[in-house]
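Here are a few notes to read alongside the model.

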Amino acid sequence: MTNADSTTSAPVFSVRNLWKVFGPKADRIPGSPEADLSAEELRARTGCTVAVRDVSFDVRKGEVFVVMGLSGSGKSTLVRCLTRLIEPTAGEIAIEGEDVRGMDRAQLRDLRRHRAAMVFQHFGLLPHRTVLDNVAYGLEIQGTGKAERRARAAEMVEKVGLAGLEGRRPGQLSGGQQQRVGLARALAVDPEVLLFDEPFSALDPLIRRDMQEEVIRLHREEGRTMVFITHDLSEALRLGDRIALMRDGRIVQCGSPEEIVGSPADEYVRDFVRDVPREQVLTVRRAMRPAVAGEAQGGPALSPATLVSEAIEAVARSGGPARVVEGGRCLGVVDHQRLLAVVAGIETEKVAA
Amino acid sequence: MSAVTTAVAKPDAGAVHTARQLLVRHRGLAKLVLLAVVAAVVVPMVNSRWGSGSWPHALTVDPSGSLGKASNWIIDNRDSSPVFLYFFGYVSYGVGYAVRAVYLVLLALGWTGVTAAATLLAWRFAGLRVAVTALVSLALCGALGMWVPTMQTLALMVVAVLASVVVGALLGLAGGLSDRMFRALRPVLDTMQVLPAFAYLLPFVWIFGIGVPPAVLATVVYAAPPMARLTALGLRGADAGVLEAVTSLGATGRQRLLTARLPLARKQLLLGVNQTIMMALSMAVIASVIGAGGLGDRVYQALSTVDVGNALAAGIPIVLLAVVLDRTTAAAGARLGSATVERSGRGWPVWAGIAALTAALALIGRLLNSASWPGGWTVSIAAPVNSVVGWITGHLNSGVPVIGGTADWAAGFTTWVLDPLRGGLQGLPWWSVLLIVGALAWLISTWRTALTAVLAMAAIGVLGVWSVSLDTLSQVLAALAVTLVVGIAVGIVAARSRRVEALLRPVLDVFQTMPQFVYLIPVVALFGAGRAAGAAAAVAYAVPAVVRITTQGLQQVDPGAMEAARSLGATGRQQLRQVQLPLARPALLLAVNQGVVLVLAVVVIAGMIGGGALGYNVVFGLAQGDLATGLIGGTAIVCLGLMLDRVTQPAAATKER
Ligand SMILES: Nc1ncnc2c1ncn2[C@@H]1O[C@H](COP(=O)(O)OP(=O)(O)OP(=O)(O)O)[C@@H](O)[C@H]1O
Ligand SMILES: [Mg+2]
């Protein structure tokens, strides 16, 4: 899922020092001493809740950027601030360099119509419209002609695997099917970014897995930028190119799944990722050590992106250490000891790549 | 109460302490004690100054003089003042013109065309069964010789309902989109909903005189509130998630309203239309007193000469009209929910077909030269019904062995219940009535509510109709007691037996759709004219609602709690007494509140059949052109309604609504 050019191109969303405070006189809170109070104390003293606190991040073109955190950590608020469905209290948001907070109503509508489309946890479908008309709704809002929008909607319905159900109403669909309609509705307007707010939380585990596959497939086929909110760590690890971990409105760590699992920023994150099967997230790049005499020649060769679980298999088969090779150069080796240390979660000094 | 007051008065520290504990624990007691203390201070003062009899004359203002002058001024200036010429005049003219136009269209369609149109529309909106009902109903209207008055009522209804729906929807739109508007509208709509229809008539007569325009306008004012209320609630209740999704796609405010909010609220909108139609019919019939004409007028004329046969002949079409209108609109609402009807594409050919068929049948009627219902096809039921009524008067009214007779019952009810109650109420010192009203309202709700109730009651005294109003109040209380006993008992039985409920449901459905006015017909046949007959009509009108609310309340009691009680081995009776009734308390309170509102509505209309009291003041005012008396009576009815509603409306319910 990683795109080679992801680090080089300009960010789709660039967020700097974003605050969202709910409550009376909210604009006085950001930057003031009150902002450092605990949530209860702040509420008692000012009646305000800080949902997003001084958050900064970039979403790069073509990546899946996952925002993860427990319930109430401010994820939904954050993603709604991106298109100003919730008006931010302070900070800057730019979409491809354009200032979002400075947009007037028409510009904002244009942003919502063409550039960022959202998929919601509770679907948000119009119950009185058929599947096809729901999918075509975004285009209808834009003023697209009937024949054209219906054709495009039919294409999208096909794409999300709902062919044959065009005439049904949302009430006659299962939860998973309804969310496919939500997804198709967002895709139909051909947005630059897809925003997902816990889209699969209301679905049962099997359907959820199906839908995750669907998103992975779409991303692979179209390479669309996605911001994906979830409270489910395994979902975050499956989908995310990068993950931002939120707690009490703050981003406590932002990095690749491997960074989050391999080097948690603090106790909170460490707790969070404790039960993750590390060998399925970490790669040999993180597990290897420098080769000592002779090791650089023999043994099986692995690419640095190989998962530890796969390396274990290779090492077990060959009986000796395996080489990590990139572009014909040996970066280091992994042996039983290093691999077991990863599985056991024992910190080993990292080798510079 | 006295025990607690003495406990507080005692200087003994222990007793004071326990009393305080008692008060803290029972907030009701605390309120009563506070009230008792206030009363102990105020009452002697008031008493020494104004005495303890009926409302003191010194505290009344007699507005009839100035009202009389005002109405004389209106009569003198109706044709010359610019306000009347350029505003009320045009309104009156426009409304009258619209009703005439609709009436002419109905006449032009002839009975064939109207019947075809009604049947086809019912079929389109509600399916075959309702279509057959509509067909049979209209045929019956014709057969009873009531075709012309039915068309008159229908013409008035069409105009009034259209206006009510438009006005209500606009108000509801404002209330649904603006919080401030909603806060301002809500108490007004809530209050209008509890006021008796009769109270709405006078102001319109005052300004417009007697005739069709004031009848239509009174109907609009009476029938628009439910539409406004339901529109506002529907718009506000729209799923926030859907609206957010719509916004996230870049919809403008107007797009959001037209493609999401209104369609999402369409169930409530249709329910609003349904309620508006039913209320409009109810009012259109009552408005015969101010010259609406049509079916209501036939009933009114017949009742005033105790001609039950003719009253029934006009009453049956009213009921049929009510049933058809209710079923059609209700079924249209239910269909929306099931969402099986595919609207697009098939829509206009169906409408064109309906129009073509109607036109064809109207033409056939024309060619056969029978625009109005053929005279040979009518049956006069007046004579046979009157002979049955004669037989009832002769045989059932009195002297039936063991059970007595209906007139005996009525007389007994009047002598043993109504008279003592009225005497008792009128004998109470005026300040004690205020105190009781205040105490009741405060116990059940907040001090604001209590203040409103007391002020409403005091206003009655100030207007100088204190003892007449207590007469009305005595009838309301007597009828309410019977209503609650019967309604709650039947409700309990229905809640415990599926079979009884299934049997009752259609009966309740019909009873609840019938306009208030119609209830006067059978009670006059059975009990003759008088206060007891009025009370009987009120009971008949209010019982179905009480039964329904009680049944629903009992059935909705948490099944978990019932199961727990059963698992502890409670008998059926214990379950009812210890679990169901206490848990259904909110529903029972609501039943009382509804009962009061409905009973009052009919008790005042019974002024037309000898119920006397405030209702008679209104009727008298209308009949004699003594608008001052009528207006004061109407205002007192409003105050009484307000007071009774506030006294029976629990605080929680006020908050929830
Ligand atoms: N409209 C609002 N008014 C006041 N407080 C709000 C509002 N919306 C959210 N909050 C508060 O902001 C905080 C963050 O809410 P948010 O919905 O963003 O959390 P979340 O991470 O999406 O949680 P979940 O996983 O449950 O959806 C919470 O404490 C919430 O109570
Ligand atoms: Mg959320």
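Predicted model: local features only at pLDDT ≥ 70, side-chain atom pairs only at ≥ 80, totals over all residues.

1. Residues are numbered from 1 along each chain as its sequence is written, chains are lettered from A and ligands numbered from 1 in the order in which they are written, and side-chain values use heavy atoms, with hydrogens and water left out.

2. Which residues surround ligand 1? The shell consists of A:Phe22, A:Thr49, A:Ala51, A:Leu70, A:Ser71, A:Gly72, A:Ser73, A:Gly74, A:Lys75, A:Ser76, A:Thr77 and A:Glu198 (a residue is near if one of its heavy atoms lies within 4 Å). By class, three are nonpolar, seven polar and two charged; Ala, Val, Leu, Ile, Met, Phe, Trp, Tyr, Cys and Pro count as nonpolar, Asp, Glu, Lys and Arg as charged, and the others, Gly among them, as polar.

3. Polar contacts here are pairs of N or O atoms within 3.5 Å. Oxygen atoms of ligand 1 lie 2.5 Å from a polar side-chain atom of A:Ser71, 2.8 Å from a side-chain N or O atom of A:Glu198 and 3.2 Å from a polar backbone atom of A:Ser73. On its own, ligand 1 has 630 Å² of accessible area, and the protein covers 59% of that (Shrake-Rupley method, 1.4 Å probe).

4. Two elements of chain A, β2 (49-60) and α2 (75-82), each give two or more residues to this shell; α2(A) gives the most, with three. Helices (H or I, at least four residues) and strands (E, at least two) are DSSP runs, numbered from the N terminus.

5. β2(A) also belongs to an open, antiparallel sheet of four strands, ordered β2-β1-β4-β5 in chain A (strands pair if DSSP finds at least two bridges between them). Its edge strands are β2 and β5 (98-99) of chain A. Two bridges join β4(A), residues 90-95, to β5(A), and A:Ala94 has A:Asp99 as its bridge partner.

6. α2(A) packs on that sheet, touching β1 (11-22), β2 and β4 of chain A (contact means heavy atoms within 4.5 Å). Its direction makes about 125° with that of β1(A), using axes fitted to C-alpha atoms, for helices over the stretch in contact, and angles from 0 to 180 degrees between N-to-C directions.

7. Another open sheet has three strands with mixed pairing, in the order β11-β12-β13 of chain A. β11 (301-302) and β13 (329-334) of chain A each have a single partner strand, so one side of each is left without a neighbour in the sheet. Five bridges pair β12(A), residues 322-326, with β13(A) in the antiparallel sense; A:Ala322 is partnered by A:Val334.

Terms used. Polar contact = N/O pair within 3.5 Å; in protein donor to acceptor, adjacent residues only side chain to side chain.
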